[in-house]
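Biologist: I'd like to learn how to read a model like this one. Could you walk me through it?

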Amino acid sequence: VATTPARNEDAWLAEAFARLVPGPRVRLGMGHDAAVLRHDGRDVVLKTDTVVDGVDFVLAACGPAAAARKAVAVTLSDLAAVGAVPRALLVSAILPRGVTFETFAAIARGLLAAAAEFGADLVGGDTSVADAPLSLSVFATGDLRDGGPVGRSGAKPGQVLSVTGPLGGSIFGRHLTFSPRFDASAALLARRVPSAMMDLSDGLSRDLPRICRASGVGADVDPAAIPIHDDVRRHRDGRSPLEHALHDGEDFELLLAHDPLPPSVEAELLALRVRLHAIGVVTATPGAVRLVHPDGPIPLVPQGFDHLAGSASPPEA
Ligand SMILES: [Mg+2]
């Protein structure tokens, strides 16, 4: 008998796909940032993601080319997260009825520029028209780097949790202009650093528990160690910089669990401009994700964006 899970994306997926059994060719399946399929003796990486006007961007504010770039970048960020490089892109567009050719051509320009920027071939797609806001779904294939794939399930108690850059305030522009962290992914994979990794799309407070659930572990996070982006100062809503860094989302930095870095490896990464900001440790208590303040630990409650809950405000620009 099906139960009705809490109204959030992870709970619905877990309940509705509980009977999914990954086939023998599936190296990474549902629940990781991208899928990895063993096919004809090699690994193929697969990913799709969708952005929608009014949810992920505001078309009237950012324009169609920037929306198209974001559609590509959010999909490719998940390839970076599993340790893959992009190869081919397919794009499905749902255009609002009455769309002009200028808008259509600008979307195409944005897609082509993004494909070139990230070294992928745009090879096809599909166009529909509906009484609906603009929606762009980008499907990508990729190839694994040596050392990949890195999924979400490999975090082990005692490991360090790190992020690759400062968090918060992406709404002031970075949610459109970010670049997937292929540089960090490459440098980390080459040194076999990550045991588990994902990109931070929905906010640390929502994404960190996903790595913990997948790995059967917990996490103790030091709030004072979380790198906070300067952009959070532009918020005028009374919430603290830490709250924004924890919950804003769309940072698209990488979150990873790893053994403590030898100083030589840390120096090599820094020489490649990849800085790991250690924010906490992996613990052995499944599902216990805590902020450890000087006066004691408190649970880290997810407040990042959830599509089903509609819990965060849409982007301003
Ligand atoms: Mg992801």
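Biologist: What spacing do the donors of the magnesium ion follow along the chain?

Modeller: Donors are N, O and S atoms within 2.8 Å of the metal (3.2 Å for Na, K and Ca); water is not among the atoms, so sites may look incomplete. Here the spacing is D-x44-D-x120-D. The ion is held by Asp 33 (OD), Asp 78 (OD) and Asp 199 (OD), at 2.0 to 2.3 Å. Asp 33 sits in the loop between strand 1 (26–28) and strand 2 (35–39), and Asp 199 in strand 8 (residues 194–199), so the pair ties together parts 166 residues apart in sequence. Strands (E, at least two residues) and helices (H or I, at least four) are DSSP runs, numbered from the N terminus.

Biologist: What should I keep in mind about the numbers?

Modeller: This is a predicted model: local features need pLDDT of at least 70, side-chain atom pairs count only at pLDDT 80 or more, and totals for chains, interfaces and linings use all residues. Residues are numbered from 1 along each chain as its sequence is written, and side-chain values use heavy atoms, with hydrogens and water left out.

Biologist: Is Asp 33 buried or exposed?

Modeller: Buried means under 20% relative accessible area, exposed over 50%, partly exposed in between (1.4 Å probe, protein chains only). Asp 33, at 2%, counts as buried, and Asp 199 is also buried at 2%.

Biologist: In which order do the 6 strands of the open sheet come?

Modeller: Two strands pair if DSSP finds at least two bridges between them. The order is 1-2-3-6-4-5, with mixed pairing. Strand 1 and strand 5 (121–130) are the edges, each pairing on one side only. Strand 4 (residues 84–96) and strand 6 (residues 135–144) run antiparallel, joined by 10 bridges.
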